[in-house]
Amino acid sequence: MSMVTISSLQRITASKLAEMLLASANQPSPDANKVAVVDVRDDDHIGGHIKSSLHFPSRSLDATMPTLLRKLADKEVVVFHCALSQQRGPSAALRYLREKEAAASAATTMKKAVEEKETDGKAGKQQQVYVLDRGFVGWQEVYGLDERLTEAYRKELWEDGY
């Protein structure tokens, strides 16, 4: 059984995420991008999104979780968010961590059965999973107009608040 809980999820600020995204954007190769942002907003996925984020609506996570696990397998940092990161973002991050843990456990069991003695000597780097503080609402307040970090931003949709 997983020891990961909602209260044990790590949070990341918009400024720290922006710093990471800008640093990875300056890498010489697109393969060097080790940061992934997963936007789980549903019908409220309007008015902009974090540049290069993956849109996996929370209502369809049952069907899309295997795809998400594959897409994020090589990432060092994964950040989940919704509009406010109070419910859907943390729930998606928790579910992702639990599914990832279950898949890793199953793979380890299978690997042990197949090859008892050989190890590759690599200590795989632990993937860091975060929830974006204040979600996209908080993000757009600071970075909405920054085209290096936000795509398809529509300021008029945010002027009266969320």
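Visitor: In S6, which residue is the bridge partner of Val 79?
Guide: Tyr 130 is the bridge partner of Val 79 in S6. Strands are DSSP runs of E, at least two residues, and helices are runs of H or I, at least four, both numbered from the N terminus.

Visitor: What kind of model is this?
Guide: This is a predicted model, where local features need pLDDT of at least 70, side-chain atom pairs count only at pLDDT 80 or more, and totals for chains, interfaces and linings use all residues. Residues are numbered from 1 along each chain as its sequence is written, and side-chain values use heavy atoms, with hydrogens and water left out.

Visitor: Back to S6. In which sense do S5 and S6 pair?
Guide: Parallel, over four bridges, with S5 at residues 77–81. Two strands pair if DSSP finds at least two bridges between them.

Visitor: And how many bridges join S1 and S6?
Guide: Three, again in the parallel sense; S1 spans residues 10–12. Gln 10 stands opposite Tyr 130 there.

Visitor: How many residues of S6 are buried?
Guide: Four of the five, over residues 128–132. Buried means under 20% relative accessible area, exposed over 50%, partly exposed in between, with a 1.4 Å probe and protein chains only.

Visitor: New topic. How many aromatic pairs are there?
Guide: Three. Rings of Phe, Tyr and Trp (its six-membered ring) pair if their centres lie within 6.5 Å; planes under 30 degrees apart count as stacked, over 60 as edge-to-face and the rest as tilted. One of the pairs is Phe 80 with Tyr 96, tilted, at 5.4 Å centre to centre and 45 degrees between the planes.

Visitor: Which parts do Phe 80 and Tyr 96 lie in?
Guide: Phe 80 is in strand S5 and Tyr 96 in helix H3 (residues 88–114), so the pair ties together parts 16 residues apart in sequence. Both Phe 80 and Tyr 96 are buried.

Visitor: Why is the pair of Phe 136 and Trp 158 tilted?
Guide: Because the planes stand at 55 degrees, with the ring centres 5.5 Å apart. Phe 136 lies in helix H4 (residues 135–143) and Trp 158 in the segment after strand S7 (150–151), so this pair links parts 22 residues apart in sequence.

Visitor: Is Phe 136 buried or exposed?
Guide: Buried, with a relative accessible area of 0%. Trp 158 counts as buried too, at 10%.

Visitor: What lies over the face of Phe 136?
Guide: Arg 41, at 4.3 Å from the ring centre. A charge sits over a ring if NZ of Lys or CZ of Arg is within 6 Å of the ring centre and within 35 degrees of the ring normal.
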